[in-house]
Amino acid sequence: MQSRHKTAARLALMALLLTAAAVFAQGHVTTVEDSGFEKRTRPVVAFEHDAHNQKAEIYDCAVCHHVYENGEKREGRMSVGMECSECHLSENNRPMELTRAYHRMCKTCHLEKSAGPVQCAQCHSRQNAPAK
């Protein structure tokens with residue numbers, strides 16, 4: 001019995017460390033990139049993750065890093081550390097294509113809050129794209 005508690009405690013600690021590492025890594029995000037974008041037709045979107053969230057007053061990671069199961073958003077679960085393409089490009093369950101998923105997430109929020117860019121070139125700007 002005591003062994004089960006130790007195993008559960010170790011698993012909980014590992015999950016906490018992995019989540020903390022993934023959240024910390026988001027602070028260094030400066031562009032919206034995903035390996036699912038094989039061929040780009042527009043410049044990479046410059047995106048200062050922490051500055052954006054602070055300005056937008058987004059404190060719940062699951063607002064953007066959501067998890068859906070059977071078509072329903074799972075409260076209390078988040079996909080921090082995962083690429084959006086891990087869900088939005090899956091072969092068996094393809095709810096929407098990756099580009100549409102990004103546009104739907106970002107533009108919908110910007111329109112709802114009447115804040116932030118909604119035109120293509122406002123996000124996909126060659127001028128604002130980080131140097132590579």
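Let's start at Glu 69, which has a relative accessibility of 33% and so counts as partly exposed (buried means under 20% relative accessible area, exposed over 50%, and partly exposed in between, with a 1.4 Å probe and protein chains only). Before going on, keep in mind that this is a predicted model, where local features need pLDDT of at least 70 and side-chain atom pairs count only at pLDDT 80 or more, while totals for chains, interfaces and linings use all residues. Residues are numbered from 1 along each chain as its sequence is written, and side-chain values use heavy atoms, with hydrogens and water left out.

So what does Glu 69 pair with? Side chains of opposite charge can pair when their charged atoms come close. Here, Glu 69 meets Arg 74 in a salt bridge, at 3.7 Å from N to O (a side-chain nitrogen of Lys or Arg within 4 Å of a carboxyl oxygen of Asp or Glu). Glu 69 also forms a salt bridge with Arg 77, and there the closest N and O atoms are 2.4 Å apart. That ties Glu 69, Arg 74 and Arg 77 into a network, and the structure holds 2 salt bridges.

Now for the backbone. Most residues other than glycine have a negative phi. Asn 70 has a positive phi of about 50° although it is not a glycine. You'll find Asn 70 in the loop between S3 and strand S4 (72-73), and it counts as exposed because its relative accessibility is 81%. Glu 57 is another non-glycine residue with a positive phi, near 55°. Glu 57 sits in the loop between helix H2 (49-56) and strand S3 (68-69), and at 60% relative accessibility it counts as exposed.

Stepping back to the whole chain, the protein has 5 helices and 4 strands (DSSP runs numbered from the N terminus: H or I of at least four residues for helices, E of at least two for strands). Along the sequence they come in the pattern α-β-β-α-β-β-α-α-α. Of the 132 residues, 18% are buried. Take the contacts with a separation of 6 or more: 42% of them are between residues 24 or more positions apart (contact means heavy atoms within 4.5 Å). Finally, the accessible surface comes to about 10500 Å², with 54% of that belonging to carbon and sulfur atoms (areas by the Shrake-Rupley method with a 1.4 Å probe; for residues, only the protein chains shown count as cover).
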